[in-house]
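Here's a quick briefing to read alongside the model. Have the viewer open while you go through it.

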Amino acid sequence: MKISFLGDISLNDKYVQRYSKREKPFGVISNELKNSDIVIGNLECMAKGEQGENHLKKPRLTTNTETLNYLNDINIGLISLANNHIYDHLLDGYQKTVDFLENNNILYIGSGKTEKDAQKPILKELNGITFCFLNYVTYDTNPNLPKNAEIYINFFDKNRVIEDIKQYRQQVDQIILLLHWGGRTEHGYYPGWHQPRLARELVDAGADLIVGHHSHTIQPYEKYNGKYIFYSLGNFCFEDIYFENEIYSKLSPRKKKSIILEVEFREKGDYTVNIIPIRNQRGYIELNNRKWGLIRLLLRNFIFQVLKRNTILWKIYYLKLNYFNPIFDYFFIQKRSFSELATNITFNKIANHFNK
């Protein structure tokens, strides 16, 4: 029984244009995904509504209900919605999105109009194996819900997550956690200092597989007590973000590579994983060079094992990620000029860039 897990899915901006032109950016990869019993991904962008936007959130990702039809091209069966862009277009945008999912028989998890619905797991039997899917978002990813928000998302609380795991441990064969986490190291190649310790606690509590999102980059994975922990799968599909009448963020090369995680589950409760490197070629998702993709990931895993054991090295990495990288990105990825910095960039814009 095979499940494929995808990274962040954002059908924003140019994907809307592609859909209007009837382009097929997932044609190559769709054949791979059709071989899975179910495909699971994190939907990062909501359909645009008619009742405004959440101005506490910058940037806001936007698509429309027509473009969401691309989800059918990649055989999506379950979508995680506990993420930091869930309320970008308020209740109207959220409702348009979940209506589309329901009308297309796509399950969703991690949000709802009541707290109970947001916290509800997906319990599903597939080919004789019973699964419990749980989805949470951590506060450090900055969902920025207004006080009068008309939806709930399933915020991560370690004690409650452990209670959820223990509640369903005896009822199902496999417990799978879908985590939108790691806000402190967003855009980084490595997770935050606390994440490995936290992941181990969740496995010790009874989680069988942890699949992470949010960093927009491929982060390492590891095996602990026979269970796999994937800290982040990267972007499955994403486009340059146009926001407030300008390009807010160009997609850097590190955000154009991702992996599809194929997991083959067996009746005895064990499973094997298969990692398929992919890349974003001008919006078209293609298979990447498997050999070099896996070598890069294994090298990243090795560095991660060193990094997580040395506080000083991790702090150096953190400083580089959060202070040097934004400056490099500003001039060389976003291609901003020094004159623009001097004449057109306000302190707030710089601060927003560092906080993306």
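This is a predicted model: local features need pLDDT of at least 70, side-chain atom pairs count only at pLDDT 80 or more; totals for chains, interfaces and linings use all residues.

Residues are numbered from 1 along each chain as its sequence is written, and side-chain values use heavy atoms, with hydrogens and water left out.

**The sheet**
- Six strands form an open sheet with mixed pairing, in the order β8-β9-β11-β12-β14-β13; strands (E, at least two residues) and helices (H or I, at least four) are DSSP runs numbered from the N terminus, and two strands pair if DSSP finds at least two bridges between them.
- β8 (122-126) and β13 (221-224) stand at the edges with a single partner strand each, so one side of each has no neighbour in the sheet.
- From one strand to the next, the twist averages 20°; axes are lines fitted to C-alpha atoms, for helices over the stretch in contact, and angles run from 0 to 180 degrees between N-to-C directions.
- β12 (residues 209-213) and β14 (residues 227-230) pair in the parallel sense over three bridges, and Val 211 has Phe 230 in β14 as its bridge partner.

**Helix α7**
- α7 (residues 195-205) lies across β11 (174-180), β12, β13 and β14, and runs at about 40° to β13.
- Its buried residues (under 20% relative accessible area, 1.4 Å probe, protein chains only; exposed is over 50%, partly exposed in between) include Leu 198, Leu 202 and Val 203.
- Those buried residues of α7 pack against α6 (158-169), β11, β12, β13, β14 and α8, where contact means heavy atoms within 4.5 Å.
- Gly 206 follows α7 and has a positive phi, near 130°.

**Salt bridges**
- The structure holds 14 salt bridges, each a side-chain nitrogen of Lys or Arg within 4 Å of a carboxyl oxygen of Asp or Glu.
- Glu 262 and Lys 2 meet in one of them (3.9 Å, N to O), linking strand β18 (residues 257-265) with strand β1 (residues 2-9) across 260 residues; both residues are buried.
- Glu 239 and Arg 18 meet in another (2.7 Å, N to O), linking the loop between β15 (235-237) and β16 (241-243) with helix α1 (residues 14-20), 221 residues apart; Glu 239 and Arg 18 are both buried.
- Glu 53 bridges to Lys 48, with the closest N and O atoms 2.8 Å apart; Glu 53 is partly exposed at 22% relative accessible area, and Lys 48 is partly exposed at 42%.
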